[in-house]
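Let us walk through this structure one part at a time. Keep the sequence and the 3D view side by side.

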Amino acid sequence: MAVYIHNDKEFGNVKITLRAGMKRIIAKVNNGQLCVSFPIIATRTSILRYFDEQRQSLRKFIAQQTPKQNLYYDGKLIHCFGFDVLITTEENPKTEGDVSIIVVPKSFDFSSAAHTKRISDAVRKMVARRKPILINYAWQVAEELNIKPSSFVASNGFRRLGTCNVATKQIRLSYALLFLPEHLVRYIICHELAHLTHPNHSKEFHELCNKLVGSKEKEYSREVNHFEWPVMK
């Protein structure tokens with residue numbers, strides 16, 4: 001393994017790591033610094049070309065990983081699918097309905113980037129515990145549409161909200177869907193159910209998916225792509 005610092009004109013000091021056994025390039029942000037791991041065979045020329053070709057994608061990635069100032073505040077209520085998450089400094093806050101509570105110290109600095117990440121991590125863990133809500137709803141949708149997957153499995157991550165294994169008919173749904181409103185949760189589920197009939201994103205697939213979501217596939221797809229996640233991805 002080799003490690004060195006590359007001074008990029010836009011991203012500043014980037015930590016470059018060359019690792020044996022790697023087959024793909026992986027980018028991360030650690031404490032505000034962009035860190036990129038390459039296969040051990042990567043040359044300086046190929047690394048520089050990567051930054052030139054992927055600059056726009058890297059900008060977007062860094063923006064997603066950078067904490068938003070004041071993303072949270074005392075009394076912040078995050079509406080999730082089937083429940084809410086409350087962030088508060090009160091020990092015993094009054095709530096209505098199904099509410100998960102995250103209590104922080106009264107001295108908590110909500111403007112701190114480090115504290116923002118701590119709350120984001122806590123919210124993600126709390127929402128991940130509610131995976132059964134998602135799986136139960138997915139079965140309801142499948143039964144309503146008379147489509148029969150072999151199973152629904154809850155997964156993690158934001159990059160892939162859902163996947164369908166056509167061979168086994170198993171559908172995986174990320175717990176991150178619980179941050180979305182019901183119509184978008186249903187859209188992702190219908191999207192994966194449609195793959196049981198049409199494995200690829202063919203014209204026939206989109207026609208079926210559009211039918212399953214009431215002729216609003218494009219509208220819902222745009223909503224998901226522009227959704228403001230209440231956590232750091």
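Strand β5 (residues 76-80) and strand β6 (residues 83-88) run antiparallel, joined by five bridges. Strands here are DSSP runs of E, at least two residues long, and helices are runs of H or I, at least four long, numbered from the N terminus. Two strands pair if DSSP finds at least two bridges between them. H79 stands opposite D84 in β6. Two residues lie between the strands, and G82 takes a positive phi near 95°.

This is a predicted model: local features need pLDDT of at least 70, side-chain atom pairs count only at pLDDT 80 or more, and totals for chains, interfaces and linings use all residues. Residues are numbered from 1 along each chain as its sequence is written, and side-chain values use heavy atoms, without hydrogens and water.

Now turn to an open sheet. Its three strands have the order β8-β10-β9, with mixed pairing. β8 (151-155) and β9 (162-165) stand at the edges with a single partner strand each, so one side of each has no neighbour in the sheet. β8 and strand β10 (residues 170-174) pair in the parallel sense over five bridges. F152 has I171 in β10 as its bridge partner. Helix α4 (residues 131-145) packs on this sheet, touching β8 and β10. Contact means heavy atoms within 4.5 Å.

Last, the cysteines. A search of the whole structure finds zero disulfides, a disulfide being a pair of cysteine sulfur atoms within 2.5 Å. For C190, the nearest cysteine sulfur, that of C209, is 6.8 Å away.

Methods. Axes fitted to C-alpha atoms, helices over the stretch in contact; angles between N-to-C directions.
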